[in-house]
Amino acid sequence: MDSATMEAASSFFASEGFTLSSGRKTAMKNHQVEPGATPESPALDDSKNPEVTIPFRQLLVLPVASTTVVSSLEVGQKVTAESPLARFQAEDNFVEFIAEVQQAGFLKTGQEVSVRVVEKLVTGRITSVGPFTDVGNGQRAGHAVMVEPTNKADLALLTPNLSVTVAGQGTAEQALAVPISGIRQDAEGTYVLRSSPDDRASKVSATRVPVTVLRSGGGFAAVSGDLAQGDEVQIS
């Protein structure tokens, strides 16, 4: 707090029609009283600028040096728990998404990705890949991945609770894929049930085939295992 801050605070109060009067100190005019006259109360001397102070309880201490005011109430509105006086943002906007275990294996800090914000495609960079978290309560389990735009000017496009699409550079290669609903897991590992005809009973039997999920997306999982193109697998 310095004189410039105090002057700015006083000017702000004045611009809104208020006077920052708490803690003002004024000087008293000295009056000479004639003999036999009744002393009068000393008058305030407004010829000098009073000293302005701000009570400590009116100051809000923020944990970081740089913040942005996101929203604030208009003069005359009531302050409640749902409508605070002001909301501050202490860090730049960023994108966060939950990556599955298989997806997280292909992500690393510093990797460039594409972020589609409404109709604009911007370039971003992964800043962190968090540990696996099983959050529950209907929310997705996985690794929290944070992405920041490479160009700082694109930060203005990001707003709280905005839905965006994040895509990696990726590579084009063929892989054996099965529907995700066909992937099963138990204590022995990950597997699929391959259907095969049983001539003795004219029924279709299922054979357990262990597989390794390489990656997933679009409702399918790329797998490796004792499967061939054209094999039929049961889905749940």
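## Ground rules

Numbering starts from 1 along each chain as its sequence is written. Because the model is predicted, local features need pLDDT of at least 70 and side-chain atom pairs count only at pLDDT 80 or more, while totals for chains, interfaces and linings use all residues, and side-chain values use heavy atoms, with hydrogens and water left out.

## The sheet

Let's start with the open sheet: 5 strands in the order β5-β8-β7-β6-β9, paired antiparallel. Strands (E, at least two residues) and helices (H or I, at least four) are DSSP runs numbered from the N terminus, and two strands pair if DSSP finds at least two bridges between them. At the edges sit β5 (95–99) and β9 (165–168), each with a single partner strand, so one side of each has no neighbour in the sheet.

Zooming in on β6 (residues 112–117), 4 bridges tie this strand to β9, running antiparallel. R116 stands opposite T165 in β9.

Q111 lies in the loop between α2 (101–104) and β6. Its relative accessibility is 19%, so Q111 counts as buried (under 20% relative accessible area; exposed is over 50%, partly exposed in between, with a 1.4 Å probe and protein chains only). Setting aside neighbours within four places in sequence, Q111 has contacts (heavy atoms within 4.5 Å) with F106, G124, R125 and I126.

## M1

M1 belongs to the segment before α1 (3–15). This residue is exposed, at a relative accessible area of 66%.
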